[in-house]
Amino acid sequence: MMIFEKVKSAIDMKTVAEGYGLHIDRGGMTLCPFHNEKTPSAKIYGDNFHCFGCGEHHDVIGFTQKLFQLNKPIDFVKKLNTDSGLNIDIEKTPTKTDISEYQKRVNEQKTYREYEKNAWQILCDYLWLMREWKKRIPASPDDDLDGRFVYALHHFDYAE
Ligand SMILES: [Zn+2]
């Protein structure tokens, strides 16, 4: 298998695009990095990128090439290889085990990103809860303190 095929088979378009900082919404749409726009008109498919605004259409390799304006094909394959953490040994022909290992690595990264996203979500929800708790100010100094109010006062800055 040629290096192009190796890289293409080991990584999907979404992972590449997200890896380079594109925000992809639930519908798979994203702001096009190749023309100026405020609402997303580019769609991320399984193995390619297509912009309905400017017509740019690329697979993972073409996308990386265009994004970084790399001229020599081997340069952008190498870049993608390194940036995506595939770390394929370009000089040698990969075995089946190698390929399944690349794919495993890609999947692990994906799982990790999901975990990370969930963790942020939980933290944000928690912060929002504490913001609500901070509103439970006692009407007078003699009133009983709501434990959550006190907790929020002590931990809000940290969570933020
Ligand atoms: Zn575009």
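**View 1. Ring pairs link Phe 34, Phe 49 and Phe 63 into a cluster.** Rings of Phe, Tyr and Trp (its six-membered ring) count as a pair if their centres lie within 6.5 Å; planes under 30 degrees apart are called stacked, over 60 edge-to-face, and the rest tilted. By this rule there are 6 aromatic pairs. In one of them, the ring centres of Phe 34 and Phe 49 are 5.5 Å apart and the planes stand at 85°, so this pair is edge-to-face. Phe 34 sits in the loop between β1 (29-30) and β2 (42-44), and Phe 49 is in strand β3, so the pair ties together parts 15 residues apart in sequence. Helices (H or I, at least four residues) and strands (E, at least two) are DSSP runs, numbered from the N terminus. Phe 34 and Phe 49 are both buried; that word means under 20% relative accessible area, while exposed means over 50% and partly exposed is in between (1.4 Å probe, protein chains only). In helix α3 (residues 60-68), Phe 63 is buried, and so are Val 60, Ile 61, Gly 62 and Thr 64. Just after α3 comes Gln 69, with a positive phi of about 50°.

A quick note on what you're looking at: this is a predicted model, where local features need pLDDT of at least 70 and side-chain atom pairs count only at pLDDT 80 or more, while totals for chains, interfaces and linings use all residues. Residues are numbered from 1 along each chain as its sequence is written, and side-chain values use heavy atoms, with hydrogens and water left out.

View 2. Where is Leu 22 found? Look in the loop between α2 (13-19) and β1. Leu 22 has a relative accessible area of 12%, so it's buried. Now look along the chain to Gln 121, 99 residues from Leu 22: the two C-alpha atoms are 19 Å apart.

**View 3. Asp 25 reaches backbone nitrogens with its side chain.** Asp 25 is also placed in the loop between α2 and β1. With a relative accessible area of 33%, Asp 25 is partly exposed. A polar atom of its side chain lies 2.9 Å from the backbone nitrogen of Gly 27, and the side chain of Asp 25 reaches the backbone nitrogen of Met 29 at 2.9 Å too. These are polar contacts: pairs of N or O atoms within 3.5 Å, where within protein one must be able to donate a hydrogen and the other to accept it, and residues adjacent in sequence count only if both atoms are side-chain atoms.

**View 4. Four residues hold the zinc ion.** Which residues coordinate the zinc ion? They are Cys 32 (SG), His 35 (ND1), Cys 51 (SG) and Cys 54 (SG), at 2.1 to 2.3 Å. Donors are N, O and S atoms within 2.8 Å of the metal (3.2 Å for Na, K and Ca); water is not among the atoms, so sites may look incomplete. Along the chain, the zinc donors follow the spacing C-x2-H-x15-C-x2-C. The angles among the 4 donor atoms are 100 to 120°, and the site is tetrahedral, a label for four donors with all angles between 85 and 135 degrees. Cys 32 is buried, at 6% relative accessibility, whereas His 35 is partly exposed at 25%.

**View 5. Asn 48 belongs to strand β3 (residues 48-51).** Is Asn 48 buried or exposed? Its relative accessibility is 17%, so it counts as buried. The side chains of Asn 48 and Asp 47 make a polar contact at 3.1 Å. Not counting residues up to four places away in sequence, Asn 48 touches Met 13, Lys 43, His 57, His 58 and Asp 59. One of these, Lys 43, has its charged end over the ring of Tyr 45, 5.6 Å from the ring centre. A charge sits over a ring if NZ of Lys or CZ of Arg is within 6 Å of the ring centre and within 35 degrees of the ring normal.

**View 6. The charged end of Lys 134 sits over the ring of Phe 156.** That charged end is 4.0 Å from the ring centre.

Note on methods. Tetrahedral: all angles 85-135°; square planar, octahedral: opposite > 155°, others 65-115°. Contact = heavy atoms within 4.5 Å.
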